Amino acid sequence: MADTLYIVVPCYNEEEVLHITAQKLGEKLDELEKNGKISNESRVLFVDDGSKDRTWAIINELHEKDGRFQGVKLSRNRGHQNALLAGLYTTEEKADAIISMDADLQDDIDAVDKMLDAYYDGAEVVYGVRSHRAKDSFFKRTTAEGFYKIMQALGVEIVFNHADYRLMSKRAVAGLKQFKEVNLFLRGIVPMIGFKSDKVYYERAERAAGKSKYPLKKMLGLAVDGITSFSTKPLGFIFTVAAILIALGIAGLIVTITLTALEIIPFWGIILSAMALFTGILAACTAVVGLYVGKNYMETKHRPPFIIESKTDDEK
């Protein structure tokens with residue numbers, strides 16, 4: 001008998017694309033069930049991450065027309081990672097396998113077939129990996145690939161060019177629940193579960209409709225979370241910077257005294273320049289330390305990652 005699949009789709013202000021997404025996912029469920037890859041209990045779960053438009057109303061409309069489309073609404077916007085977590089935990093008991101994907105249809109739906117093939121071959125986690133970034137701008141491609149390389153250099157186990165398009169088995173999600181971090185970066189946490197995994201390569205498309213909900217500011221925030229949540233090497237780098245500053249300070253003092261004694265330069269000029277440089281570097285180092293302290297502060301509060309406000313009828 002085929003296993004039950006749930007597709008979890010986090011949504012934030014996605015009213016423009018939801019009908020298109022539901023149509024495509026409904027067709028995919030029909031195809032997979034017809035081919036015997038999934039059971040007729042398989043569903044799509046939309047997670048409304050505190051949207052301010054008609055996203056939740058549309059989810060309810062979709063559910064009324066087709067019970068396979070279900071939804072949960074978070075009490076407020078908690079961010080993509082927490083919304084995804086809410087979907088995974090909500091469907092864990094009902095699904096044998098769960099696929100997470102974005103609402104904008106940039107993730108290739110046809111890759112679901114290959115993910116299921118890998119799952120039936122024994123993989124507990126199947127990563128959707130972009131085959132290339134030719135369609136990205138030079139800036140986005142360079143910064144994205146640079147981020148993955150930095151993470152790997154810091155010793156973080158992360159799948160190159162993988163975002164959050166993945167399949168997880170029921171057992172893998174149960175393993176994920178044992179991680180209690182408040183500062184979520186699932187791309188780094190999921191590989192730590194350690195079960196058998198596989199990769200499926202796909203070509204990422206343009207948004208089907210609407211605008212991206214992940215501007216540069218959020219992308220940078222996610223990158224900082226990833227780096228500071230999985231590696232303490234930046235703190236070691238700060239120690240190195242401090243040692244270099246001390247050495248430069250001693251050398252600069254000797255040079256300054258020498259040049260001033262020879263009346264080559266005024267004493268105060270080089271002092272002001274050196275102070276400005278060192279102050280900027282020390283401020284940056286203090287900010288990095290502050291990030292780690294702030295993360296520890298948030299972790300000690302043990303606040304819930306999300307609160308569900310309401311669900312569609314079947315979910316209740």
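Begin the tour at Arg 68, which is buried at a relative accessible area of 17%. The model on display is a predicted one. Asp 66 is partly exposed, its relative accessible area being 22%. The cut-off between the two classes lies at 20%, so Arg 68, at 17%, counts as buried, whereas Asp 66, at 22%, counts as partly exposed.

**The whole chain**

Before the next selection, display the complete protein. It contains 10 helices and eight strands. Of its 316 residues, 44% are buried. Among contacts between residues at least 6 apart in sequence, 83% join residues at least 24 apart. Salt bridges number 15 in the structure.

**A salt bridge between two loops**

Select Arg 204 and Asp 107. These residues form a salt bridge whose closest N and O atoms are 2.7 Å apart. Arg 204 belongs to the loop between strand E7 (197-202) and helix H8 (216-230), and Asp 107 to the loop between strand E4 (97-100) and helix H4 (111-120), so the pair ties together parts that are 97 residues apart in sequence.

Most residues other than glycine have a negative phi. Leu 105 counts as buried, at 14% relative accessibility.

**Helix H1 and its charged residues**

Next, select helix H1 (residues 18-34), and within it Lys 28 and Glu 31, which are three residues apart and thus separated by about one helical turn. A salt bridge joins Glu 31 to Lys 28, with the closest N and O atoms 3.4 Å apart. Lys 28 is buried, at a relative accessible area of 3%, while Glu 31 is partly exposed, at 35%.

Which residues in H4 do these two residues, together with Leu 32, meet? Select Val 112, Asp 113 and Leu 116 in H4; these meet Lys 28, Glu 31 and Leu 32 in H1. By class, this contact of H1 with H4 has three nonpolar, no polar and three charged residues. To follow the charges, select Lys 28, Glu 31, Asp 110 and Asp 113 together: salt bridges that share partners join them into one network.

For the geometry, view H1 and H4 as whole helices. They pack at an angle of about 40 degrees, and their axes are 11 Å apart. This angle makes H1 oblique to H4. The crossing of the two helices is right-handed.

**From H1 to H2**

The axes of H1 and H2 are 10 Å apart, and the helices pack at an angle of about 35 degrees. H1 passes H2 in a right-handed crossing. On the H1 side, select Leu 18, His 19 and Ala 22; on the H2 side, select Thr 55, Ile 58, Ile 59, Glu 61 and Leu 62, which they meet. The contact of H1 with H2 has five nonpolar, two polar and one charged residues.

Then move to the loop between strand E1 (5-11) and H1, where Asn 13 is found. The phi of Asn 13 is near 55 degrees, a positive value in a residue other than glycine. Asn 13 is partly exposed, with a relative accessible area of 22%.

**An enclosed helix**

Select helix H7 (residues 186-193). Seven of its eight residues are buried, so H7 is largely enclosed by the rest of the structure. The buried residues in H7 are Leu 186, Arg 187, Gly 188, Ile 189, Val 190, Pro 191 and Ile 193. Following H7 is Gly 194, whose phi is positive, near 95 degrees.

Finally, select Asn 82 in helix H3 (residues 80-91). Asn 82 is buried, at 7% relative accessibility.

Conventions. Residues numbered from 1 in each chain as written. Predicted model: local features only at pLDDT ≥ 70, side-chain atom pairs only at ≥ 80, totals over all residues. Heavy atoms only, no water. Salt bridge = Lys/Arg side-chain N within 4 Å of Asp/Glu carboxyl O. Helix = DSSP H or I, 4+ residues; strand = E, 2+ residues; numbered from the N terminus. Buried < 20%, exposed > 50% of the residue type's maximum accessible area, 1.4 Å probe, protein only. Axes fitted to C-alpha atoms, helices over the stretch in contact; angles between N-to-C directions. Left-handed = near helix turned anticlockwise from the far one by under 90°. Contact = heavy atoms within 4.5 Å. Nonpolar A, V, L, I, M, F, W, Y, C, P; charged D, E, K, R; others polar. Parallel < 35°, antiparallel > 145°, perpendicular 65-115°, else oblique.
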